[in-house]
Every structure is written in structure tokens, then in C-alpha cells.
Amino acid sequence: MKHLKIIFPVLLLIMTLSSCNSNKSDQASDDIAVYQCPMKCEGEKTYPEAGSCPVCKMDLQPMETENSKELSDQDISEESIFNLTSKWHTEEGNEIQLEDLKGKTLVMVMIYTSCKAACPRLVADMRNIEAQIPEANLDDLRFVLVSIDPKIDTPERLKAFAKENMMDGEQWTFLQGTESSVQEFANVLAVKYKKISPIDFSHSNIISVFNSQGELIHQQEGLGVDNKETVEAILQLTQGQS
Amino acid sequence: MKTKAFSLIIFCCVFQTFLFAQTEGMVYIEGSRYLPLYGRDSTVVEVNDFKMDVYPVTNKEFKQFVEKFPKWQKSKVIKLFADDSYLSNWKNDLELKDTENPDSPVTYVSWFAAKAYCECQGKRLPTVDEWEYVAMADETTKDARVKLSYNAKILSWYETPRSNENLIGQTPKNIWGVYDLHGLVWEWTLDFNSVLITGESRKDVDKDSNLFCGSASVNATDLMNYAAFMRYAIRGSLKAKYAMKNLGFRCVQDVNEKK
């Protein structure tokens with residue numbers, strides 16, 4: 001009987017865990033919906049319920065509520081990348097979830113270390129951005145380089161890459177995932193990639209900036225493009241915090 | 001007592017396997033090597049044996065899924081995983097609009113939702129290569145891409161509006177026994193984001209294969225296969241949280257023993 005008592009909770013636990021995390025859902029329901037005319041006929045006026053605009057008669061649209069800003073530190077918003085629960089390995093060999101990066105402004109890019117063409121330039125772009133950030137802001141900032149080649153890019157290899165590229169400081173983080181977590185992450189960032197030979201990938205060159213709650217604020221596309229806007233976005237985010 | 005408890009566990013495990021990993025409604029697809037439209041350097045790709053759903057997932061089946069996993073219900077799904085049109089042909093979390101048929105393919109689903117659906121059944125989404133491999137068959141041949149009638153038929157579907165409202169299983173089944181790959185809805189693939197052709201590709205992708213200008217179409221391995229061309233173009237323009245009226249999905253499952 002004693003055994004049964006132990007086994008049952010364990011069994012329950014296993015079943016809950018194995019059922020695709022179905023019980024992680026309830027954040028959405030406590031939003032209070034606010035409606036607004038899509039044409040903004042009355043400026044920023046909002047309505048508590050659905051209906052039509054008294055001026056142009058168009059259906060009122062539910063507004064993107066800004067309550068993400070009011071959320072307490074424990075909660076994350078629906079659009080936050082911290083909703084991804086996959087596990088990652090850092091270049092230091094630690095196992096983390098993206099949520100462990102919460103509280104810092106994140107600048108993220110996807111690369112692979114055996115890359116000869118675009119990645120060095122992408123990495124240079126990242127360093128370029130870093131160089132334009134005052135040192136005082138760096139504390140609240142993490143530059144995260146996610147490998148799209150989790151088989152080859154082990155933590156050791158990422159560490160070596162970091163050293164080689166003088167990106168071994170506190171503010172740099174390298175992540176190794178699994179094929180499926182990388183695919184999911186890329187889809188969140190709208191990054192496209194494809195293995196084109198055993199060692200080479202073709203991929204989008206996108207640098208993404210997230211606020212401390214993991215919400216996407218800015219994306220910079222292309223290589224060697226003017227990064228003024230990206231830097232501005234980062235400065236704004238990091239100044240807000242300090 | 002101990003043995004009883006253990007038999008209970010075993011029973012539960014077996015039961016759960018039946019519940020989540022049933023392979024009913026799937027057919028065996030014998031893998032092979034073939035030349036896809038956009039392969040790795042436009043070379044032959046190898047597809048392993050796998051099983052594929054005979055039909056696309058229907059509204060009815062998806063309803064059962066959201067009943068079991070409320071996080072994928074219309075009002076509960078988080079914005080990271082689905083855009084505003086997610087299940088927009090549903091009345092509420094658990095009911096279709098009256099105009100919709102439960103046996104029509106489910107559409108307005110995001111990649112994340114489709115992926116979760118398949119994973120909960122111990123399956124997964126097909127890769128682009130797998131999907132294209134099965135889809136190049138017609139009723140009598142495994143590779144019908146050279147037949148004029150094959151391409152013409154698919155293209156005439158592309159011109160037919162509102163085919164997503166049709167029921168599953170009404171198009172002719174292909175030689176593998178799979179229905180509706182053409183003629184009903186577009187379907188999500190696991191690695192749709194490996195198609196590097198977007199409107200932006202000149203600027204954001206280092207290796208160019210820009211579908212929309214002549215230089216790239218020469219790279220396509222089969223100029224005849226204009227229909228496949230369109231599929232790759234659609235995939236290239238999708239984002240994972242998009243939910244669209246004519247985009248559904250079906251699942252596949254790996255077969256363990258290699259041939």
C-alpha cells in the first residue's frame with residue numbers, strides 16, 4: 001500500500017509532464033479587453049466593450065493592451081520569448097532556459113561557428129553595436145548568439161569561438177540548443193535557415209532586440225547595414241532600467 | 001500489492017500509448033531518393049521510410065485537440081504562437097461557426113499549433129522534402145511531375161477559390177493511398193522556414209535564390225513544375241505564427257526500422 005501511495009503521485013506527475021505542458025495556459029485570460037476605432041476617429045479614445053465607432057461606424061478593434069509594462073516581475077506577456085521552455089547550453093556549459101535571461105535587454109542573432117561568409121560580418125555587426133553602447137548600459141544588456149548548428153557547435157566550440165572573437169566578456173552569451181528548439185526559436189525570430197552542405201547553412205541575417213521582458217522591440221535585417229536604429233532601441237531600453 | 005501497483009502502471013503506460021500514438025489513418029511511404037525543386041544545392045535528397053496521415057487534420061479532430069489542450073484554444077493561445085486570425089472561423093473556444101463543416105480540413109492554424117497537435121499524438125509535421133516526395137505522385141505513378149496532366153490539374157486547383165471549405169477525401173487518392181495533398185488546402189511543413197525565398201531575400205539572406213526574378217528560376221531543377229514553384233514561394237513567405245484561411249496540415253510519423 002505504501003508503494004502505491006508513492007507511485008500514484010509519481011505517475012500523475014509523469015502524465016502531467018508528458019501531456020505537452022497543457023496546463024501552461026492561463027496567462028491570457030486575465031487581460032481586460034479594450035476596444036478602439038481602427039481609424040482612430042476620436043483620437044486615442046477607447047471603449048470597454050465591442051461595438052462600432054460613433055463617427056465612422058467601423059467595428060471597434062480590440063486594442064493591444066499595454067499591460068505588459070504593468071506586469072509584475074514574475075509574469076511574462078504573451079509575446080515574450082520567455083514562453084519558450086526549451087533548454088539551452090551556454091558556452092560556459094550551463095543549462096539555461098531563455099527565461100533565465102529575463103531582466104536584461106537582449107540583442108540576439110543566429111549564427112554558426114564554421115561559417116565563412118556572412119557570420120563573421122554578422123558578428124562584426126554585433127561587436128559594432130556593442131562598441132556604441134556606453135559601458136554603464138552594458139550591465140543591463142546581453143548579446144546572445146544562438147547557434148543554428150547545434151550538432152557541431154558544442155559549448156566548448158562556442159567558448160573557443162567567443163575567445164577567438166574577443167567576445168568572452170560577461171555581456172556575451174552563446175547558446176546551443178537542439179535541432180527542434182533551434183527551429184522553434186528561428187520561427188519566433190522569423191529567421192530562415194537551411195543546411196546546404198554538411199558544414200554550411202544558408203540563413204537570414206537578422207539582429208533582434210528584446211526588452212527585459214522578452215518582447216521583440218526591433219529587428220535589423222541585412223549585413224553591414226546602418227545600425228543606428230538598433231543602437232537607439234538598445235539605448236532606450238537600457239536607459240529605462242538604470 | 002506491489003505487483004498490483006506495477007501492473008497498474010504498465011496498464012496506464014500501454015493505455016497512454018494507445019491514446020497518443022495511434023497510427024490509424026496513416027499509410028506507409030517507402031522512402032527513396034529524388035530531385036526536389038529546391039534541394040540542398042539542387043541535388044538529390046534522400047527521404048527515409050515514414051508514415052503519413054491519409055487525410056489532412058479536420059476541424060472535428062482539431063476540436064478534440066483543443067478540448068484536451070486548452071492552451072491552444074482560440075482565446076487562450078498566446079500571441080507568440082499565433083496571430084489574430086487563429087481559428088477565426090470558430091465561434092468560440094470549442095465551437096465552429098455554423099457555416100463550417102466539421103469534416104473540412106482545419107485551417108487558420110499556426111505552425112506552432114500544428115506542430116503541437118502532431119507531437120501530442122507522437123507524430124510530427126512532414127519536412128518539405130517528405131511532403132513534396134509524396135505529393136509528386138498521382139493516382140498511378142510515384143513521380144508524375146513530367147506528366148502534363150499532373151501539373152495542369154494542380155494549377156487548375158490553384159485557380160479554384162474557397163476549396164478549403166470542401167470536405168476531406170474528395171480528391172483522387174494518389175498511389176501511396178494519400179488524399180488531398182492537392183486540391184484542398186496548402187499544408188504546413190516542419191521546416192518551411194528552410195525555404196530561403198522571401199520578398200526580402202536580396203537583403204536578409206546571404207545565399208540568394210530569389211524566386212521572383214529570372215536568375216533564380218534557372219536554378220530550379222524543373223522549370224515545368226510551376227505548381228511546386230508556387231508552393232515554395234508560399235512557404236518562403238510564411239511566418240510561424242501566421243494563421244491563414246487556406247493553410248492546414250497533416251502529420252507524419254517516423255518508421256524506426258531502416259530498410
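## A two-chain predicted model, piece by piece

In chain A, 61% of the contacts with a separation of 6 or more are between residues 24 or more positions apart, where a contact means heavy atoms within 4.5 Å. This is a predicted model, where local features need pLDDT of at least 70 and side-chain atom pairs count only at pLDDT 80 or more, while totals for chains, interfaces and linings use all residues. Residues are numbered from 1 along each chain as its sequence is written, chains are lettered from A and ligands numbered from 1 in the order in which they are written, and side-chain values use heavy atoms, with hydrogens and water left out.

**The two chains in numbers**

- Chain A has seven helices and 11 strands; helices (H or I, at least four residues) and strands (E, at least two) are DSSP runs, numbered from the N terminus.
- Chain B has eight helices and seven strands.
- Of chain A's 242 residues, 48% count as buried, and for chain B the figure is 53% of 259 residues. Buried means under 20% relative accessible area, exposed over 50%, and partly exposed in between (1.4 Å probe, protein chains only).
- Chain A has an accessible surface of about 12400 Å², with 53% of that belonging to carbon and sulfur atoms. For chain B, the surface is about 12200 Å² and the share is 55%. These areas come from the Shrake-Rupley method with a 1.4 Å probe; for residues, only the protein chains shown count as cover.
- In chain B, residues 24 or more positions apart make up 72% of the contacts with a separation of 6 or more.

**The sheet in chain A**

- Seven strands form an open sheet in the order β4-β3-β7-β6-β5-β10-β11 (chain A), and the pairing is mixed. Two strands pair if DSSP finds at least two bridges between them.
- At the edges sit β4 (95–97) and β11 (216–221) of chain A, each pairing on one side only.
- On average, neighbouring strands of this sheet are turned by 30° against each other, direction ignored.
- Strands β3 (residues 87–90) and β7 (residues 172–176) of chain A pair in the antiparallel sense over two bridges, and Thr90(A) stands opposite Leu175(A) in β7(A).
- Helix α3 (residues 118–131) of chain A packs on the sheet, and its direction makes about 165° with that of β5(A). Axes are lines fitted to C-alpha atoms, for helices over the stretch in contact, and angles run from 0 to 180 degrees between N-to-C directions.
- Helix α6 (residues 179–189) of chain A packs on the sheet too, at about 120° to the direction of β5(A).

- You'll find Ser80(A) in the loop between α2 (67–70) and β3 of chain A.
- Ser80(A) counts as buried because its relative accessibility is 0%.
- Leaving out residues up to four places away in sequence, Ser80(A) touches Gln213(A), Gly214(A), Glu215(A) and Leu80(B).

**Helix pairs**

- The axes of α6(A) and α3(B) come within 11 Å and cross at roughly 160°. That makes α6(A) roughly antiparallel to α3(B), since angles under 35 degrees count as roughly parallel, over 145 as roughly antiparallel, 65 to 115 as roughly perpendicular and the rest as oblique.
- Where these two meet, Gln183(A), Glu184(A), Asn187(A) and Val188(A) in α6(A) face Trp111(B), Phe112(B) and Lys115(B) in α3(B) as contacts.
- Inside chain B, the axes of α2 (residues 59–68) and α3 (residues 111–120) come within 11 Å and cross at roughly 80°, which means that α2(B) is roughly perpendicular to α3(B).
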